[in-house]
Amino acid sequence: MSRVGPSEVKRLDGDVKGIRDSLASHLLYSVGKEPINATARDWFMAAAYTVRDRLSERWMPTLSRYYEQDQKRVYYMSMEFLIGRTLVNSMINLGMYDQFKSAIDEMGLDFDEIVGWEVEAALGNGGLGRLAACLLDSMASQGVAGFGYGIRYDYGMFTQHIEHGWQVESPENWLRYGNPWEFPRPGVIYPVRFGGRVVHYKDVLGQTRAQWMDTEEVMAMAYDIPIPGYDGKTVNNLRLWSAKSTREFDLKYFNAGNYIEAVRDKNESETLSKVLYPSDITSRGKELRFKQEYFFVAASIQDILARFRKSHNDWDLLADKVAVQLNDTHPALVVAELMRVLVDEHQLEWNRAWGLSKRCCAYTNHTLLPEALETWPVEMFERILPRHMEIVFQINHEFLQEVRHRHPGDSELLRRVSIISEDNGRRVRMAHLAVVGSHKVNGVAAIHTGLMKSTIFSDFEHLSPGKINNKTNGVTPRRWLLAANPDLSRLIDSKIGQGWATHLDQLKKLEPFAEDAAFRNAFAAVKRANKQHLAFVIGQRLGVDIEVDSLFDVQIKRIHEYKRQLLNVLHVVTRYSRIRANPTLDVVPRTVIIGGKAAPGYHIAKLIIKLINDVADVVNNDPLVGSKLKVVFVPNYNVSTAELVMPAAELSEQISTAGTEASGTGNMKMSMNGALTIGTWDGANVEICEEVGEENMFLFGLTAQEVARRRMDGFDAWAAINANEDLKRALDMIGNGYFSPDQTDRYRSVVELLTNGDNYLLSADFPLYMAAQERVDQLYRNADEWNRKAILNVARMGKFSSDRTVAEYARDIWGVKTAN
């Protein structure tokens, strides 16, 4: 049988006629429709298959090249990949956007309607998943042999609806109409085991070995999604695992008419990949989440080692050919699983296996909040993964022996660094497992990394100086500027060329144009057009009429107390009460746009969403206020919504309590699109300030050190509230039912959060925040100066490309070369 390699297959035409022919062909042969009865969704599917064909003919040669050149692979392990819509992004990265648009236009179809039918892949929730997607894009664009590994969730976290102001969750069934981007791989399937028991025995050489037996088994089947780099030369792979039962149904029960019992095992097995982040309020929810983490780790490690073994028989080459990046603690079980496979299945001696495993693994931390650092009860861990528990115990024993040897008599140090916590019941500290089992650990912003070294991981920094390093997050400019803001991209191209898309530091060439009145006018016109588009969409979807010439003040992120959407609300209420007190007051009209999801079990966060909507209902319908102030809550915030909102944003709210936000990437995206930041000295805000200049931002508030000092000294929230008349009035209005006349005590618990401790120090930062907002108003009155500063924000964002982030990972952690 003759074999045809990828390079011998006839290349698909990338011109308008070739694309038009492919669209017609796919409509008929892949979708099964004639043009006369095809819907816009049908044409979307045809367009997706047409783009996918062109991805595939670049994808296969990429993977073949990696084998031929025996390149070191980077495996990015993440529970989330928030990749967003794929169609337009792929067209752009293939360099075929204009050709596709022309082909679709020539066929008499509506391009925007067709691309609008794409359902966003519900594979993530927030910044963690979006960072993972940006890094995959940049790995491909930088020519890194990068692979993503995750879970193919049947349902995302949830679809957020707002009913009577409350968040209501419904299943996010993103696969309802199929996913045209994925390639099912029924031949790539691995067993994943749970439970059972461990038997120890002596092998023929007298070595003690372990056998994990009597386990339950689930199968992990692969689905592959091609990830194109910019220019289309490299197309990498995102492999997602779907849980499949080892048997479809029990024929005995089926024949007896007990159809539910017949498929019980199948249904229970396949729940592992059903939902992103099942609620862990119940013990069953906790177990499911823990099993999910092991499920994707076990399948991925089997796949990684199978790929390595295709080309190499020498295990000592493993760390030279494999780099595994753990995106947060969710994949930390990689450390134990890799050791289990090397020691138990491939019979490597423990120390040799440990050296290889540690050189392969690296860990990215994303949080300083103790409650967000995963721990699992030893009892549960041992019951579900008995062999892994033994391995973790051994890793911990040998690590503590080393620490004890270096620091004899320091039992308190041993307690702090132990992988097993003995406080409040024995628990496995997954962050400690990841740190001990990795050769490098990184934070995601300079301030975050510094705080890691001085707080949560200070002992590890002392034990292994230099192991913890910083890799400031970045975002891909292809999606967040080129695709999201085409008008601004064209304006930039007209002045400095197109090279900035892969070398974002070239935006620096825009700086002189900040002093060019004609360019400032053109820049302002682009921003206004984006605002008009957003205002139209908000009017259509939410029925709120907003003034296009008002200041668009945006805070879009996960709803959490530390992110301080409540501080934003307090400013809105103060602004509202001032207008009410003096309706003729000359104020800068402002539209406050807030969006984000609250975790289903997070009562206070959901109550804050209700408060935002209640405040909006009162403010937006008050004739005394009119267009001077509007409040909009944008429901179901996701990547597509961000691509709509961020190009229109003029003020970017980044107001978390200093020392709580690891980095943030929304701050980067909005600055890149010409918004000015009002923010605290937290996360990447600090580095954005270093690049952009403090004079081109509105920074305020306590530093992380000052926050720690206030907490240590016992912050007096009551005194701070009573010392500020605006804050006291705003809290009284909220607490006494001004915005909730149907239930006057609805927000008493929210007010008590501030009066009884104020853990996130809103009352301490409130007066400084209000002063910063007054500086915002003052500058916005001078439109020309505002636009000049906005242009400088865009021009100085070169550092915050995920291409730079990937290049630093490649150089300092993975040990691979990049193309640029």
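Mentor: Buried here means under 20% relative accessible area. The model is predicted. Take helix H1, residues 16–31. By that cut-off, its buried residues are Gly18, Ile19, Ser22, Leu23, His26 and Leu27. Helix H2 (40–68) and helix H4 (97–106) are among the parts that cover them.

Now the geometry of H1. The helix has 16 residues, so at 1.5 Å a residue it should span 22 Å. Its end C-alpha atoms lie 21 Å apart, which agrees. H1 still bends, by about 25 degrees, at serine 25. Glycine 32 follows the helix, and its phi is positive, near 80 degrees.

Helix H32, residues 762–780, can be read in the same way. The helix has 19 residues and reaches 25 Å from first C-alpha to last. That is close to the 27 Å expected at 1.5 Å a residue. H32 has a kink of about 25 degrees, centred on leucine 768.

Aspartate 42 has a relative accessible area of 11%, so it counts as buried. Lysine 33, at 26%, is partly exposed.

That pair is one part of a longer list. The count comes to 59 salt bridges. Arginine 152 and glutamate 182 form another, with their closest N and O atoms 2.8 Å apart. This pair links distant parts of the chain, 30 residues apart. Arginine 152 sits in the loop between strand S2 (146–151) and strand S3 (159–163). Glutamate 182 sits in the loop between strand S4 (166–170) and strand S5 (183–194). Arginine 152 is buried at 10% relative accessible area. Glutamate 182 is buried too, at 9%.

Glutamate 661 and lysine 563 give a further example. Their side chains meet in a salt bridge of 2.9 Å, N to O. Glutamate 661 lies in the loop between strand S20 (651–654) and helix H26 (666–672). Lysine 563 lies in the loop between strand S17 (551–556) and helix H23 (565–581), so the pair ties together parts that are 98 residues apart in sequence. Both residues are buried. Elsewhere, salt bridges that share partners join Arg185, Asp224, Arg239, Asp303 and Arg307 into one network.

Aspartate 803 is in helix H34, residues 802–814. Its relative accessible area is 5%, so aspartate 803 is buried. Its side chain and that of serine 138 are joined by a polar contact of 2.6 Å. Leaving aside residues up to four places away in sequence, aspartate 803 touches Ser138, Ser141, Gln142, Arg478, Ala501 and Thr502.

Last, the cysteines. A search of the whole structure finds zero disulfides. Take cysteine 361. The closest cysteine sulfur to its own is in cysteine 360, 6.1 Å away. A disulfide needs the two sulfur atoms within 2.5 Å, so 6.1 Å is too far for a bond. Cysteine 361 is buried, at 0% relative accessibility. Cysteine 134 is buried as well, with a relative accessible area of 1%.

Note on methods. Residues are numbered from 1 along each chain as its sequence is written. This is a predicted model: local features need pLDDT of at least 70, side-chain atom pairs count only at pLDDT 80 or more; totals for chains, interfaces and linings use all residues. Side-chain values use heavy atoms; hydrogens and water are left out. Helices (H or I, at least four residues) and strands (E, at least two) are DSSP runs, numbered from the N terminus. The expected span of a helix is 1.5 Å times one less than its number of residues. The bend at a residue is the angle between axes fitted to the seven residues ending there and the seven starting there. Buried means under 20% relative accessible area, exposed over 50%, partly exposed in between (1.4 Å probe, protein chains only). Contact means heavy atoms within 4.5 Å. A polar contact is a pair of N or O atoms within 3.5 Å; within protein, one must be able to donate a hydrogen and the other to accept it, and residues adjacent in sequence count only if both atoms are side-chain atoms. A salt bridge is a side-chain nitrogen of Lys or Arg within 4 Å of a carboxyl oxygen of Asp or Glu.
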